[in-house]
Amino acid sequence: MVNQIPYCPAINLCGKTDLQQLSVLVKRADLCVTVNTFTMHLAIALETPTVAIVGATERTVVCPPDSDKFKCIQDAKLNMNNISVDAVW
């Protein structure tokens, strides 16, 4: 049986916000799902709970140590193109 993921009102605002608007949105978000970008570092700085999908960069470089608000997904067996919604969830 396939696990059912509850409805998640994710909003893609790529290219639709300026830096100040992005900062406000990230600060107010319940969760930020991102890749290793400025947005990821902004979310960490603002202490927004974050799931980051990180490719070749060593996780110790981008992941805050011992943080309960930040989850770094990195697995040598995973190809970045094959990371599923379930893995992120």
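This is a predicted model: local features need pLDDT of at least 70, side-chain atom pairs count only at pLDDT 80 or more; totals for chains, interfaces and linings use all residues.
Student: Let's start with the overall layout. How many helices and strands does the protein chain have, and in what order do the elements run?

Tutor: The protein chain has 4 helices and 3 strands. From the N terminus on, they run α-β-α-β-α-β-α. Buried residues make up 21% of its 89 residues.

Student: What makes β1 and β2 a pair?

Tutor: Pairing needs at least two bridges between the strands. β1 and β2 have 4 bridges, in the parallel sense, so they qualify as a pair. In β2, C32 has T50 as its bridge partner, and T34 has A52.

Student: And how does the chain get from β1 to β2?

Tutor: It crosses from β1 through α2 to β2, and this β-α-β crossover is right-handed.

Student: Which residues are on the covered face of β1, and which on the uncovered one?

Tutor: In β1, residues 32-35, C32 and T34 make the covered face, while V33 and V35 make the uncovered one.

Student: What about the faces of β2, covered or uncovered?

Tutor: Both are covered in β2. T50 and A52 on one side are buried, and so are V51 and I53 on the other.

Student: Why is T34 called buried?

Tutor: The label takes under 20% relative accessible area. T34, which lies in strand β1, has 9% relative accessibility, so T34 counts as buried. Its side chain also joins that of T37 in a polar contact of 3.3 Å, and the limit for such a contact is 3.5 Å.

Student: Then why is T39 called partly exposed?

Tutor: T39, in helix α2, has 21% relative accessibility. Buried means under 20% and exposed means over 50%, so with 21% T39 falls in between and counts as partly exposed.

Student: On to the loop between α2 and β2. Why is T48 called buried?

Tutor: T48 lies in that loop, between α2 (38-45) and β2 (50-53). Its relative accessible area is 3%, and the cut-off is under 20%, so T48 is buried.

Student: What does the side chain of T48 reach?

Tutor: The side chain of T48 reaches the backbone oxygen of V26 at 2.7 Å. That value is within 3.5 Å, the limit for a polar contact.

Student: E47 is in that loop too. Why is E47 called exposed?

Tutor: E47 lies in the loop between α2 and β2. With a relative accessible area of 54%, E47 passes the mark of over 50%, so E47 is exposed.

Student: What stands out about the phi of E47?

Tutor: E47 has a positive phi of about 60 degrees although it is not a glycine.

How values were computed
Residues are numbered from 1 along each chain as its sequence is written. Side-chain values use heavy atoms; hydrogens and water are left out. Helices (H or I, at least four residues) and strands (E, at least two) are DSSP runs, numbered from the N terminus. Buried means under 20% relative accessible area, exposed over 50%, partly exposed in between (1.4 Å probe, protein chains only). A polar contact is a pair of N or O atoms within 3.5 Å; within protein, one must be able to donate a hydrogen and the other to accept it, and residues adjacent in sequence count only if both atoms are side-chain atoms. A crossover is right-handed if, with the strands pointing away from the viewer, the path from the first strand over the helix to the second runs clockwise.
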